[in-house]
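Hi everyone, thanks for making time this morning. I'd like to walk you through one model, starting with its sheets and ending with its salt bridges. Here it comes on the screen.

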Amino acid sequence: MPRASAEQTGPDLRAALKTHFGYAEFRPLQEEIIRDTLNGRDVFALLPTGGGKSLCFQLPAMLRDGLTVVVSPLIALMKDQVDALQANGLPATFLNSSLESDEARARLRGLHEGRFKLLYAAPERIMLDGFLAGLAQWKVRAIAVDEAHCISEWGHDFRPEYRQLARLREILPDAAWMALTATATEHVRGDIVKHLGLRDPACYVASFNRANLAYRVEQKEKGYAQLLRFIKAKGAESGIVYTQSRKSAESLASKLSADGVRALPYHAGMEPDERSRNQERFLRDDARVVCATIAFGMGINKSNVRYVVHYDLPKNIEGYYQETGRAGRDGLPSDCLLLFSAGDAVKQERFIDEKPDPREQEIARRQLRRMLDYAEARGCRRASLLGYFGETWTDVPCGGCDNCLDPRDTYDGTLDAQKFLSCVYRIRERHSTFGFSLKYVAEILTGAESDLILGWQHHTLSTYGIGKEHSLKEWQAIGRELCELGLLRQSLEGRYTRLELTANGRTALSKRAPVQLTKAAAAAEVPASGSKRARSKGAIECDEDLFETLRVLRKRLADERNVPAYIVFSDATLREIARAYPESERDLMGIPGVGEKKRAEFGEAFTDAVRGFLREHPKRTFAN
């Protein structure tokens, strides 16, 4: 495979970026990744959602001879990215089951004739014998494996068919490989490199921090009322509501629609055509909200999602991080709200118990425990979230989470801590190998009469029933906070939890050391932004009236072309136009996101709109 020229790895990269995509600067690590892949080196890249992963293989594809094959897990992702590439004048296509046979044959002819630079396909299609034969003839120079965490059984979205991709080495020994993901622990990263057979890869791991996202957790007490209040406060903005069940997705969409919010359901139990239509309506801003199970959204590139709500507790941090990452992909301020109920955790535990494989149960329990740690964290949520991925966050308060903006009140929890720690000590003293959970301790403290407690004679412990002033949920929250404070330690032994005092916990118990605990958070009486606004990282101040005018124009142009509105221009680009008031196509040259193809196609329409607006409104000035 020919190596990239010095010009390709130097200033020409930025010129190509501006010409094809309309941006003058790369995002962090993009330029280094592109340089390595153009030089034929395998690359592993972990960039946050919205961090520009796709550009890392799209731009090199334009600069090298031959074809770049993109392994993509979902049909929606393929169509979305190909639409965006074609809007920028880039020759890309996809092959999947959504195509009629005539259209599929036409695209195959184009591949044989070398008319495309990028081909998107799912792993199961790529590994078919006929497809492999085609790859051998299509001058494939690079393979980009998107959503590469799917290859690891320790990831949150394991797909066995990804494991077969390493066989492509035999057919395409000289192709440069790139593996990309937005969410992977160190264990998962190792799996990706191993199972794809990456050769001495250049590894790039960007910060997981999404500075423009604000995180909030509310106690779910009147769930639907909280959700409706939050969405109503968001005006016409687009959002996603994630639920754990198909029934809940249907129910919430129906209720929101009845309350005047254009909402649609999305889940795997729907007919494929209906599911596809609902997704398309959301992508095109014909529906304001989609209520969905986790079947929705992997790789969806809708850049103007302004909020993501988790109506139920997610199963794991990786999934939560990736799902919240679908908000604010354009870099503008966006909100992430989790409605948390301890009852949701109980439901998740029941689902885990139903898993037939003990190893799967163990993985799921560890993941759920970390999710609970995040939901009940009393410190900075950003630091908690990033810490899960091994990244240390020291800029506290972060200004973009509820615990930093509105810290919860604390109280002297010494007596509560003594009761809980003493109960753990008494159980362990009587049965040193007995496995038990925080919930079990809470049941003893509240005087529950379960078969397990009575069978093990734990109703005879001195701590039995001494905590009836708190509910079961409250004691569980206290126990989790004691773990967070380092006074208790939880570990898994098979399917059972082993709970024990740490050295600090034993000292605190014996010396009756003072312990400050956090009061439980009540359901908020205000929208999720709280009484204080999160720092508006990424905010672009502009003429809001002109922005709305441009949004209407963008929607009309997108509908005429049968594509989502953000394919024309992102909200961020529209806000830059509404800030700069460009009155000629030349004035558009400095606007981020306006490449040559889009300037030629849309420049006249948008500058006409700006000139028309200025005939009736004065220009405004904005702070830098």
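Let's begin with the open sheet of six strands, whose order is E8-E13-E12-E9-E11-E10, with parallel pairing. Strands E8 (213–219) and E10 sit at the edges, each pairing on one side only. From one strand to the next, the twist averages 15°. A word on the ground rules: this is a predicted model, so local features need pLDDT of at least 70 and side-chain atom pairs count only at pLDDT 80 or more, while totals for chains, interfaces and linings use all residues. Residues are numbered from 1 along each chain as its sequence is written, and side-chain values use heavy atoms, with hydrogens and water left out.

Angles run from 0 to 180 degrees between N-to-C directions, and axes are lines fitted to C-alpha atoms, for helices over the stretch in contact.

Now to the E8 end of this sheet. E8 pairs with strand E13 (residues 334–340) in the parallel sense, over seven bridges. Within that pairing, valine 217 has leucine 338 in E13 as its bridge partner. Helix H15 (residues 358–375) packs on the sheet and touches both E8 and E13, and its direction makes about 110° with that of E13.

At the other end, please look at E11. Strand E9 (residues 238–242) and E11 run parallel and pair over four bridges, with tyrosine 242 opposite alanine 292 in E11. Strand E10 (residues 263–266) is also joined to E11 by four bridges, again in parallel, and there alanine 263 stands opposite valine 289. To get from E10 to E11 the chain goes through helix H12 (residues 272–283), and this β-α-β crossover is right-handed; that is, with the strands pointing away from the viewer, the path from the first strand over the helix to the second runs clockwise.

So what covers E11, one face or both? In a regular strand, side chains alternate between the two faces of the sheet. In strand E11 (residues 289–292) both faces are covered: Val289 and Cys291 on one side, and Val290 and Ala292 on the other, are all buried. Buried here is under 20% relative accessible area, exposed is over 50%, and partly exposed is in between (1.4 Å probe, protein chains only).

There is another open sheet, this one of seven strands, in the order E3-E4-E2-E5-E6-E1-E7 and with parallel pairing. Its edge strands are E3 (92–94) and E7 (202–205), each pairing on one side only. Strand E1 (residues 43–46) pairs with E7 in the parallel sense over four bridges, and alanine 45 stands opposite tyrosine 204 in E7.

Beyond its neighbours within four places in sequence, leucine 227 is in contact (heavy atoms within 4.5 Å) with Val241, Leu252, Leu256, Val309 and Tyr311.

Finally, the salt bridges, where a side-chain nitrogen of Lys or Arg lies within 4 Å of a carboxyl oxygen of Asp or Glu. How many are there by this rule? The count comes to 37. Aspartate 42 and arginine 169 form one, with their closest N and O atoms 2.3 Å apart. Aspartate 42 lies in the loop between helix H2 (30–38) and E1, and arginine 169 in helix H8 (residues 168–171), so the pair ties together parts that are 127 residues apart in sequence. Both aspartate 42 and arginine 169 are buried.

Lysine 220 and aspartate 312 form another, at 3.0 Å between the closest N and O atoms. Lysine 220 sits in the loop between E8 and H10, and aspartate 312 in the loop between strand E12 (305–310) and helix H13 (317–324), so this pair links parts 92 residues apart in sequence. Lysine 220 is buried at 17% relative accessible area, and aspartate 312 counts as buried at 12%.

Happy to go back to any of these views.

Terms used. Two strands pair if DSSP finds at least two bridges between them. Helices (H or I, at least four residues) and strands (E, at least two) are DSSP runs, numbered from the N terminus.
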